[in-house]
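Subject: the model I promised you

Hi,

Here is the structure we talked about, ready for you to open. Have a look around first, and then read on for my notes.

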Amino acid sequence: MESILKASGLKKYYGKGDTMVRALDGVDLEIERGKFTAVIGTSGSGKSTLLNMLGGLDTPTEGSIKIGDTELDKLSGEQATIFRRRQIGFIFQNYNLVPVLTVWENIVFPICLDARKPDKKFILQAVEMLGLETKLDSLPGNLSGGQQQRVAIARAIAGKPSIILADEPTGNLDSKTSSDVIGLLKMTGREFSQTIVMITHNPEIAQMADRIVRIEDGRIVAG
């Protein structure tokens with residue numbers, strides 16, 4: 001299978017000398033196109049740092065990240081921002097929805113920020129798959145946690161990114177809602193041929209992925 005994302009020799013160090021923290025300590029990782037990969041590890045293992053690096057939200061101390069044919073470290077700040085907006089969809093634990101915007105406005109907001117025209121037919125297909133078609137005029141505050149996270153998934157999908165990065169997407173949900181949300185994420189990923197990388201500390205949620213990568217003390221130890 002073709003790889004869509006490749007991290008080579010990834011290191012992220014904070015501080016110096018005896019107080020140095022090696023958040024990532026030499027990570028090599030390839031992600032196959034169209035697959036759902038779960039990165040699992042305990043708190044402080046480096047999984048969130050790794051996800052931020054893969055999404056270009058943070059820069060490594062050493063090493064490189066390549067998404068498709070693009071090397072992230074070769075991009076200027078503005079180029080990196082545009083690349084992230086068009087090629088990477090983010091799903092966060094805290095949903096990060098704008099409270100004064102409706103569900104539909106939240107979903108299309110990143111696309112409009114990029115001065116692009118939303119593909120309504122494509123987005124409505126995703127909305128229907130996620131069971132949100134009756135909620136498009138609602139404000140986030142009137143939705144349950146599971147519904148808000150489904151809006152966040154729709155927002156991540158809407159811009160047709162090649163990769164979706166999910167940071168503990170079920171951290172604020174109960175176990176049944178968590179399984180439902182990950183099932184929907186997996187289904188939409190397959191339907192729209194999107195590659196998903198999800199970090200989680202929950203082994204049961206990780207089992208729903210195609211591949212599990214385990215990280216401990218800033219290094220990949222399995223997967």
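Which residue in S9 is the bridge partner of Ile40? It is Arg214.

Before the rest, some ground rules. This is a predicted model, where local features need pLDDT of at least 70 and side-chain atom pairs count only at pLDDT 80 or more, while totals for chains, interfaces and linings use all residues. Residues are numbered from 1 along each chain as its sequence is written, and side-chain values use heavy atoms, with hydrogens and water left out.

The labels are simple: helices (H or I, at least four residues) and strands (E, at least two) are DSSP runs numbered from the N terminus.

**The six-stranded sheet**

Ile40 belongs to S3, a strand covering residues 36-40. S3 sits in an open sheet of 6 strands, ordered S6-S7-S8-S3-S9-S10 with mixed pairing; two strands pair if DSSP finds at least two bridges between them. S6 (88-91) and S10 (219-222) are at the edges with a single partner strand each, so one side of each has no neighbour in the sheet. From one strand to the next, the twist averages 25 degrees.

On one side, S3 pairs with S9 (residues 211-216) in the parallel sense over 4 bridges. It also runs parallel to S8 (residues 195-200), joined by 5 bridges, and there Thr37 has Val197 as its bridge partner.

S3 is mostly covered, with 5 of its 5 residues buried (under 20% relative accessible area; exposed is over 50% and partly exposed lies in between, with a 1.4 Å probe and protein chains only). Phe36, Ala38 and Ile40 point one way from the strand, and Thr37 and Val39 point the other way.

**Helices on and around it**

H1 (residues 47-54) lies across S3, S6, S7 (163-167), S8 and S9, and runs at about 155 degrees to S8. For angles like this, axes are lines fitted to C-alpha atoms (for helices, over the stretch in contact), and values run from 0 to 180 degrees between N-to-C directions.

H5 (residues 145-158) packs against H3 (residues 103-113) at an angle of about 30 degrees, with the axes 8 Å apart. The two are therefore roughly parallel (under 35 degrees; over 145 is roughly antiparallel, 65 to 115 roughly perpendicular and the rest oblique). From H3, the contact (heavy atoms within 4.5 Å) takes in Val103, Asn106, Ile107, Pro110 and Ile111, and from H5 it takes in Val151, Ala154, Arg155 and Ala158. By class that gives 7 nonpolar, 1 polar and 1 charged; Ala, Val, Leu, Ile, Met, Phe, Trp, Tyr, Cys and Pro count as nonpolar, Asp, Glu, Lys and Arg as charged, and the others, Gly among them, as polar.

H5 also meets H6 (residues 175-191), where the axes come within 10 Å and cross at roughly 15 degrees. That makes H5 roughly parallel to H6. Here H5 brings Gly146, Gln149, Arg150, Ile153 and Ile157, and H6 brings Thr177, Val181, Leu184, Leu185 and Thr188. This contact of H5 with H6 has 5 nonpolar, 4 polar and 1 charged residues.

**The four-stranded sheet**

There is also an open sheet of 4 strands, in the order S2-S1-S4-S5, with antiparallel pairing. S2 (21-32) and S5 (70-71) are its edge strands, each with a single partner strand, so one side of each is left without a neighbour in the sheet. S1 (residues 3-14) and S2 run antiparallel, joined by 9 bridges, and Ser3 stands opposite Glu32 in S2.

Cheers
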